[in-house]
Structures are given as structure tokens and as C-alpha cells.
Amino acid sequence: MFFGLTIEKLLLIGLIAALIVGPERLPRYAESLATFTRRARDWISSAKTRVREEMGEDFDDVDWRTLDPRQYDPRRIIREALLDDAPVPTVRAAQAGAAVAATGDKPPVRSPFRGPQDSPAPFDSEAT
């Protein structure tokens, strides 16, 4: 149940409320509770229809279970990320590996700031 409330606790709260309110005012409070429940149900249904109208026919295509935030367990996300397949080597990495195998030398260390033609990174004089 909600907030740790069980059926027994709810019945006990209702019984205490009925004793506090008294038999002469109980029908009036029960009627106001029923009115509030009807209004809340109408408000929820009107909100659903408004969302359905604004989303159009895409509303029925949405799988709402995938958007549930309770499914995002960080341990599961990390486990799945670690168990993913190894990255596929690119063409440049394969060429560098072939060059190393042919010469027997270590591949040159490339700066991450160099472009594909080994030209220096552009300098922006207006940058702060």
C-alpha cells in the first residue's frame, strides 16, 4: 500500500475518524468524500483525454513501461555497459596495426589536438 499503510491501518483510521466526527455529522462527511472522489475521477479522465488529444494518434504507440524511472537501476546499466561487445576497430587502427606489424616498430603517438592531416589545430585569436 501507500506510505506503509495496510488495510488494517486504514480501517483503524476510518473507525477513529467516525468516532471523532460522530453519528450526526458522519453522513454529511461521507457525502462530501463521495463528491470529492467523483470530482477527482472526472479530473483525471479529462486530463487523460487532453493528453490523448494533444499527442494525437502517437499516444497509443507509446510504451509507457519503458519510461518508468523505477527500471533504471544503475547497477544493471553498468553491468550491461561492461558486457557489451568490444568496439569494432576502425580502418585507421587496422592500417596502423598493419604498419607496425610490417616494420616491427611502435606506432607513433598522435596528439588528440591534431587533425586528420597532422596539421596543428586552428588558432582563434578572439577566443578568451
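Helices here are DSSP runs of at least four residues, numbered from the N terminus. By that rule, Ile20 is found in helix α1.

Helix α1 covers residues 7-21, which makes 15 residues. At 1.5 Å a residue, α1 should span 21 Å. Just after α1 comes Gly22, with a positive phi of about 95°.

Ile20 has 63% relative accessibility, and exposed means over 50%, so Ile20 counts as exposed. Ile20 also belongs to a nonpolar surface patch, together with Leu12, Leu15, Ile16 and Leu19. The accessible area of the patch is about 550 Å² in total. An α-helix has 3.6 residues a turn, so residues three or four places apart point the same way.

Move on to helix α2. This helix takes in residues 26-55, 30 residues in all. Gly56 follows α2, and its phi is positive, near 75°.

Met55 has its place in helix α2. Its relative accessibility is 33%, which falls between the 20% and 50% limits, so Met55 counts as partly exposed. What does Met55 touch, leaving aside its neighbours within four places in sequence? Met55 is in contact with Val62 and Trp64.

Step back to the whole chain. It has 4 helices and 0 strands. From the N terminus on, the order of elements is α-α-α-α. Of the 128 residues in the chain, buried ones make up 2%. The chain exposes about 12,400 Å², and carbon and sulfur atoms supply 63% of that area.

How far can the model be read? The mean pLDDT of the chain is 77, and 67% of its residues reach 70 or more. Among the elements, α2 has the highest mean pLDDT, at 92. Helix α4, residues 91-103, has the lowest, at 55. Where pLDDT is low, the predicted coordinates should not be read in detail.

Terms used. Residues are numbered from 1 along each chain as its sequence is written. This is a predicted model: local features need pLDDT of at least 70, side-chain atom pairs count only at pLDDT 80 or more; totals for chains, interfaces and linings use all residues. Side-chain values use heavy atoms; hydrogens and water are left out. Helices (H or I, at least four residues) and strands (E, at least two) are DSSP runs, numbered from the N terminus. The expected span of a helix is 1.5 Å times one less than its number of residues. Patches are made of residues with over 30% relative accessible area and no salt bridge: like charges are joined within 9 Å, nonpolar side chains (Val, Leu, Ile, Met, Phe, Trp, Tyr) within 5 Å. Accessible areas come from the Shrake-Rupley method with a 1.4 Å probe; for residues, only the protein chains shown count as cover. A salt bridge is a side-chain nitrogen of Lys or Arg within 4 Å of a carboxyl oxygen of Asp or Glu. Buried means under 20% relative accessible area, exposed over 50%, partly exposed in between (1.4 Å probe, protein chains only). Contact means heavy atoms within 4.5 Å. pLDDT is the predictor's confidence in each residue, from 0 to 100.
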